[in-house]
Amino acid sequence: MTDSVTVQLPDSAPCRAAVAVVRTLRAHGHVAFLVGGCVRDLLIGRSPKDYDVATAARPKQVLRLFADVVQVGVSFGVVRVRQPVGDGDICDVEVATFRADGKYSDGRRPDSVRFAGARQDVLRRDFTINGLLADPDRRDMATVCDWVGGIDDLRAGRLRCIGDPVERFGEDALRLLRAPRFAARFGLVVEPATAAAIRALGPTLAKVSAERITAELTAMLGEGTALPALALLVDLGLAPVVWPELVAMDPGLREARLRCERALAELAAGPTGGDLPRASWQIPMTLAVLAGSDRAWPERPEFAATLRLNRSEFQAVRRILALTGASALPVPGPGPWPAAVARWLRDPLADAALVALHAGDPAGPWSQWRQLRAAWPAAAAFPDLGFGGDDLRAWGYAAGPSFRSALAAAEDVRLQGGATADAEAAARAVLDANLT
Ligand code: ATP
Ligand code: MG
């Protein structure tokens, strides 16, 4: 059944760019629509991350129509139009030719694709809420075209596969994880046949590359939707597939979810107001919270097998877990603190570690330490010594490994509020002791 409703088009540069691309294509006789996530987001009043366009025009025709086009995946019929939006600014719009996917023999990607009509293009997509098209047929409005019942599902709060769920998950097993991600993000209930297929096919996730799995998990655990996402991973039987050892220790991830809940509350109430810096420590912190006191988790083969984190993320998980293991913080109070405490607190990942510690021990002093740390001036955390290695040489000492210990001793003095002269004395004492 074709349902049709209208949505308001926001007056943002990415939206204007995509609408201009659709209208240009239509003016030249090609069927074209806004498609996928942007239509879904506009329907529920969220601001779309990006706007995608789908069209009957072939990549070659798109190339001829626009002045600036990058060929990103021509074999899949995808090009990127660099659309001017005024004031010399440019917005990138992905334009994909309608296609139908061929057979999926590896459970990951189609063996071939062929260009097709709008309807077939919708039918190859994963979930009904992602299978909507919109025609920007009025100045600031678009008419939604729905061949799959996506509007009804959105209204009913339901996540449902387009077509036969067993078949659809069999084509691309990554969809097994996309389901809880979208359901958690939009607060949807996974429709029974879709949920049953996920439960039955969960183990086939093994066919998917660790990188794609990590990208999905990162998105679902980092969008502020970690709690419903974890509940769904358990409910849909995916948690034991993704984190077998974690589930073996904590069936139903009950403890992990409780810790996660505490961590999120602590983040929201703490000095950063829950406003996580996106990239570096968001996923590492969540994984450290999930690990609880199991600091060996990142070293296990299972961790590497399901979570191919990039090097810096992996190091960050290890670092946060190491910090949580070495937490000998005194009763919270104004600085200066003992040098070992100051060194712990000035670690860039200490805030994440404090949140992880709070998650496991909410009665501990972690919140107070987060406040103290946030108010700690950088000049006190990274004090100026007033001298360096060159100066030690100028004082007549021969360069060697003791320089490091001398500078560390001097820094200890400064971290505890000592004067530069005392820091120098501490450095000299180390170097002199080394001479004898
Ligand atoms: P997000 O806001 O997270 O970007 P999105 O819906 O835009 O959500 P994308 O991963 O950017 O999701 O994909 C764009 C569209 O392409 C989806 O809305 C869906 O129609 C289709 N799609 C993406 N990945 C798949 C997949 N693995 N299987 C089937 N269709 C997919
Ligand atoms: Mg998208």
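Me: How do the residues of the shell around ligand 1 divide into nonpolar, polar and charged?
Reply: This is a predicted model. In it, the shell divides into 10 charged residues, 3 polar and 1 nonpolar.

Me: How many residues surround ligand 1, and which are the closest?
Reply: The count is 14. The closest are Arg-40, Asn-130, Asp-172, Arg-175 and Arg-185.

Me: Which helices each supply at least two residues of that shell?
Reply: Helix H2, residues 37-43, and helix H7, residues 175-186. H7 gives the largest share, with 5 residues.

Me: What about Gly-37?
Reply: Gly-37 uses its backbone. One of its polar backbone atoms is 3.4 Å from an oxygen atom of the ligand.

Me: How much of ligand 1 does the protein bury?
Reply: Alone, ligand 1 exposes 580 Å². The protein buries 80% of that.

Me: Which pocket does ligand 1 sit in?
Reply: The largest pocket.

Me: Where does ligand 1 lie relative to domain 1 and domain 2?
Reply: Between them. Domain 1 covers 1-156 and domain 2 covers 158-242. Both give residues to the shell around ligand 1, so the ligand lies between the two.

Me: Switching to the backbone. Which residues does a cis peptide bond join?
Reply: Gly-335 and Pro-336, with omega at about -5°.

Me: Where does Pro-336 lie?
Reply: Pro-336 is in a loop. Helix H16 (311-325) is on one side and helix H17 (339-346) on the other.

Me: Last one. What is the phi of Asp-87?
Reply: Positive, about 55°, although Asp-87 is not a glycine. Asp-87 also lies in a loop, between strand S5 (78-84) and strand S6 (90-97).

Notes:
Residues are numbered from 1 along each chain as its sequence is written. Chains are lettered from A and ligands numbered from 1 in the order in which they are written. This is a predicted model: local features need pLDDT of at least 70, side-chain atom pairs count only at pLDDT 80 or more; totals for chains, interfaces and linings use all residues. Side-chain values use heavy atoms; hydrogens and water are left out. A residue is near a molecule or strand if one of its heavy atoms lies within 4 Å of it. A polar contact is a pair of N or O atoms within 3.5 Å; within protein, one must be able to donate a hydrogen and the other to accept it, and residues adjacent in sequence count only if both atoms are side-chain atoms. Accessible areas come from the Shrake-Rupley method with a 1.4 Å probe; for residues, only the protein chains shown count as cover. On a 1 Å grid over the protein atoms alone, a cavity is a set of points where a 1.4 Å probe fits but cannot get out, and a pocket is an open set with protein on both sides within 12 Å along at least five of seven lines; lining residues have an atom within 4 Å of a point. A molecule sits in a cavity or pocket if more than half of its atoms lie within 2 Å of its grid points. Helices (H or I, at least four residues) and strands (E, at least two) are DSSP runs, numbered from the N terminus. Ala, Val, Leu, Ile, Met, Phe, Trp, Tyr, Cys and Pro count as nonpolar, Asp, Glu, Lys and Arg as charged, and the others, Gly among them, as polar. Domain bounds come from an automatic or database domain assignment.
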